[in-house]
Amino acid sequence: MNKDTFIDDVLEVESTLYHVSKSILTHEQDCEDAVQEAILKAYNKLGTLKKEQYFKTWLVRILINECYSLKRKEYSQVPYEEYFESAKANDKENYNELYSAIQNLPERIRITIVLYYVEGYSVKEIKQILQIPTGTVKSRLAKGRNLLKIKLENMEAIYE
Amino acid sequence: MNNYNWNNAFPDTPKSFKNKVSATLNSLPDKKENGEMENKKIYKTGSIKKKIIITLAATLVIGTSVFAAGKISGKIYSITSCSSSIPTYTTIPTVEQLKKDFKFNPKLINKFDNGYAFVNGYTVNNKGLDEEGNSVEKTKSLDFTYKKGNDKLSLYMENGRLGERSKKEIVIATYNGLDLYYNSYANKLVPADYKLTEQDKQDKLSGKYVFSYGSDKVEISQVQSLNWMQDGINYSFLGINSNISKDELVKMAQQVITAK
């Protein structure tokens, strides 16, 4: 894969990269840092990608690793004031119910749900991306579905 | 669960995120390309879409076997065309902008009378190489994309011309003293390291396909081109699997020629 194909392929999955990073990280700035790092790493490691058809899942896997790496630093590095200001700003955004419900899911379940329902990955692909057994993917999806159902029903009840 | 609109579950990707992606991609260092062709020595970079356009443009300029004498030293045996996959312009540039960026001043059309409208513009850097791969001539060109419904056309504007016109191009009209050259053919775009099969060799000889190199997979397209030289600028319309007719292309060319 040459540089231009790489650029095209990254741009093609730009929204996926945002959804994935936003499923793990809280702050927009962190999402941007993670995607930058992931793109640079992917470009440098391009020679290790065996089949171009797996580029998207490969890049998403790299991004997830970057997100978790940043996540570990996230709370220790952000000053309290800044964190609460940012959290407040995020609260003001008028997100749709589904998004709010997804964001309230436990992290590991959230990323699985996003990959499956929002990004359309198969269970097999998610297994490879998250490097977890098929059974775990399925159980996370089942738990996620139940939790979402409860959360969305509660939201409807609140608004009624 | 499937009743939810999952496609719109997330807010739109923020501009700052997109900017970060663009900035990161723009800062990537170049890697060695593997675009050397087995028998034509054409090297190409560019997005898949751009590759097709540039490859075809280069093919048109070079033709099948006719090469021009280089202006500086040796003959031009091959042409390299490089473009970024990120557009230089997303709105039609002004004359001043082009003068500043390109130091040449092509005619600019935002929307053609038949409905084709400007979508974006890419910068293309071209090099004419001699037999040993030394650069003997350089040109800078613009590649504008126009769209009408789902139909796309490319208008390629080059400051000068590398190589000679293909003998397969024929004059189909003359307007304001300028000859308009038309060519139509089936193009087989293949990977850079592709080796022609016996059937391919026959197809090439019979003129069934013109072969261009640089794609990830084999793609066959119907190509139309209409080109002319005006004030030292080489204009070339390129339609790939386009529904546009030859007459319509001529009318569009006339609009460019008479534009101020």
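View 1: B:Val171 sits opposite B:Tyr181 of strand S6 in chain B. This is a predicted model, where local features need pLDDT of at least 70, side-chain atom pairs count only at pLDDT 80 or more, and totals for chains, interfaces and linings use all residues. Residues are numbered from 1 along each chain as its sequence is written, while chains are lettered from A and ligands numbered from 1 in the order in which they are written. Strands S5 (residues 170-175) and S6 (residues 178-190) of chain B run antiparallel, joined by 5 bridges. Strands (E, at least two residues) and helices (H or I, at least four) are DSSP runs, numbered from the N terminus, and two strands pair if DSSP finds at least two bridges between them. In this hairpin, 2 residues lie between the strands, and B:Asn176 has a positive phi near 50°.

**View 2: The other neighbour of S6(B).** S6(B) also runs antiparallel to S8 (residues 219-230) of chain B, with 9 bridges. Here B:Tyr181 turns up again, with B:Asn227 as its bridge partner in S8(B).

View 3: Buried means 20 or more other C-beta atoms within 10 Å of a residue's own, exposed means 12 or fewer, and partly exposed is in between, with C-beta atoms placed from the backbone.

**View 4: Buried residues of helix H3 in chain A.** H3(A) has 17 residues. Its buried residues include A:Cys31, A:Val35 and A:Ile39.

How values were computed. Expected span 1.5 Å × (residues − 1).
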